[in-house]
Amino acid sequence: MSPSRPAAVCILALLAASGCGDLARDNALDPKNPDSSRPLTVLLEAFVNTGAPAPEYNRFMLQALDSLESLYADRIEVVHYHRNAGSVQDPHHLIENEILYDRYVGAMHSGVKGVPDVFINGTTARVQGASSVETAFRRLQEALLGVLSRSSPWTMEAGYSLDDGKIVPEVVLARLGREEATDIRVRAVLTSRLNQPLAGHVVKGSSQGAVIDRLEAGESSTLRLPEIPLNGTTNAELILCVTDRDGLHVEQSQSMPIR
Amino acid sequence: MNAPLEKMTSLLASNIHYQLTGSGRPVDRMRLHRYPAAVCLAGTSVLAASALAAHLAFLDRRSEYRDAARLEDFDPLHERAERTLRLRNGLSIASGIGLVLSGFFLYQNSHADEITACEPRVVPYAFAWGGRTWTAGIHVSF
């Protein structure tokens with residue numbers, strides 16, 4: 001046998017070996033793993049009025065939300081949209097809160113307005129009214145448990161930059177699983193923890209965010225959302241959520257403190 | 001000059017030199033060709049050890065990928081683990097080929113053609129068919 005023959009066989013085998021050996025994308029969090037998913041973080045948006053003399057129902061609901069938050073701290077995000085109700089003016093009322101509330105109520109079969117009114121993952125579930133803290137907690141928990149067991153085909157990594165008294169939310173959004181997504185909106189809400197009881201997540205501003213027309217399974221997209229004025233907000237938190245284009249169904253949410 | 005003839009010349013020269021001068025030593029046999037089995041075995045051992053090291057490195061890197069949680073980490077960690085996997089596979093296949101070659105060389109060396117400078121050993125009692133006659137007798141070589 002010529003000595004060059006075995007050498008040639010070795011080289012050919014090594015070349016063949018270098019071409020094989022694909023490693024499976026088996027990390028459950030990796031968007032390129034077709035079986036990937038993440039736990040759903042549920043967004044609870046409470047429309048309340050705490051102006052004087054506000055009905056105590058609002059306090060019941062806010063206390064119930066506080067209890068719920070301590071129980072499901074890592075699975076839910078809570079925001080308080082304050083709004084004027086009837087003749088009771090709320091000092092934290094924002095016009096964009098009212099616009100969002102109108103859109104949510106308009107999308108529900110029962111279009112009755114009134115505080116307190118809690119929307120769970122957009123219009124996925126709704127709990128309106130609170131006769132006591134216990135009743136409100138039970139109703140909220142029942143509605144939440146129906147949503148909490150789901151997983152989400154979305155993951156995001158939130159960030160922000162500060163620019164001349166404004167906050168610019170930034171997010172890397174990735175589509176998990178096997179299916180593409182179309183007409184997605186990412187919106188942002190700025191909340192503040194006030195030095196008052198039951199005022200841990202008061203909305204101080206929001207952005208309708210950005211729309212993505214299409215995102216393939218396993219694909220990521222980096223977004224820079226429209227700025228939100230800080231207006232001297234302290235103890236702030238930024239909440240980002242993925243919704244459908246109309247913003248009525250929330251599919252994932254995430255919060256991060258502003259330092 | 002081809003290799004067998006060169007070997008024969010060398011063997012013959014050694015024996016003539018021994019006969020004429022008495023120095024050196026008589027050479028009664030010489031293999032025509034020897035394969036580098038020892039070198040091949042040593043190389044195979046190095047390749048196998050490298051394949052084992054690459055496998056251990058691959059296990060570490062696969063764990064790093066599986067433990068990743070940040071979006072920016074998945075692709076680089078997966079690529080790194082995959083590169084190590086390919087290296088391990090290449091080294092494993094090379095080790096396997098080396099092992100087969102070593103076995104082949106050892107077999108070839110144990111069955112290699114020889115040039116002999118003495119009469120072949122014969123059994124003390126021998127017989128042979130000469131075409132028309134049978135011959136039998138005792139043959140002793142000194």
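Student: Is Phe104(B) buried, partly exposed or exposed, and what is the relative accessible area?

Tutor: Buried means under 20% relative accessible area, exposed over 50%, and partly exposed in between, with a 1.4 Å probe and protein chains only. Phe104(B) has a relative accessible area of 26%, so Phe104(B) is partly exposed. This is a predicted model, in which local features need pLDDT of at least 70 and side-chain atom pairs count only at pLDDT 80 or more, while totals for chains, interfaces and linings use all residues. Residues are numbered from 1 along each chain as its sequence is written, chains are lettered from A and ligands numbered from 1 in the order in which they are written, and side-chain values use heavy atoms, with hydrogens and water left out.

Student: Where is Phe104(B) found?

Tutor: Helices (H or I, at least four residues) and strands (E, at least two) are DSSP runs, numbered from the N terminus. Phe104(B) lies in helix H3 of chain B. Its C-alpha atom is 8.3 Å from that of Ala37(B), although 67 residues separate the two along the chain.

Student: At what angle do H2 and H3 of chain B pack?

Tutor: Axes are lines fitted to C-alpha atoms, for helices over the stretch in contact, and angles run from 0 to 180 degrees between N-to-C directions. Under 35 degrees counts as roughly parallel, over 145 as roughly antiparallel, 65 to 115 as roughly perpendicular and the rest as oblique. Helix H2 (residues 37-67) and helix H3 (residues 71-110) of chain B pack at about 160°, with axes 7 Å apart. H2(B) is therefore roughly antiparallel to H3(B).

Student: Which residue classes make up the contact of H2(B) with H3(B)?

Tutor: Ala, Val, Leu, Ile, Met, Phe, Trp, Tyr, Cys and Pro count as nonpolar, Asp, Glu, Lys and Arg as charged, and the others, Gly among them, as polar. The contact of H2(B) with H3(B) has 21 nonpolar, 10 polar and five charged residues.

Student: How do H2 and H4 of chain A pack?

Tutor: Helix H2 (residues 56-71) and helix H4 (residues 133-148) of chain A have axes 8 Å apart, at an angle of about 50°. H2(A) is therefore oblique to H4(A). By class, their contact has 11 nonpolar, three polar and no charged residues.

Student: What is the radius of gyration of chain A?

Tutor: The radius is taken over C-alpha atoms, and the globule rule is 2.2 Å times the number of residues to the power 0.38. Chain A has 24 Å, whereas a compact globule of 259 residues would be near 18 Å. The C-alpha atoms fill a box of roughly 100 × 45 × 30 Å along the principal axes. Buried residues make up 51% of chain A.
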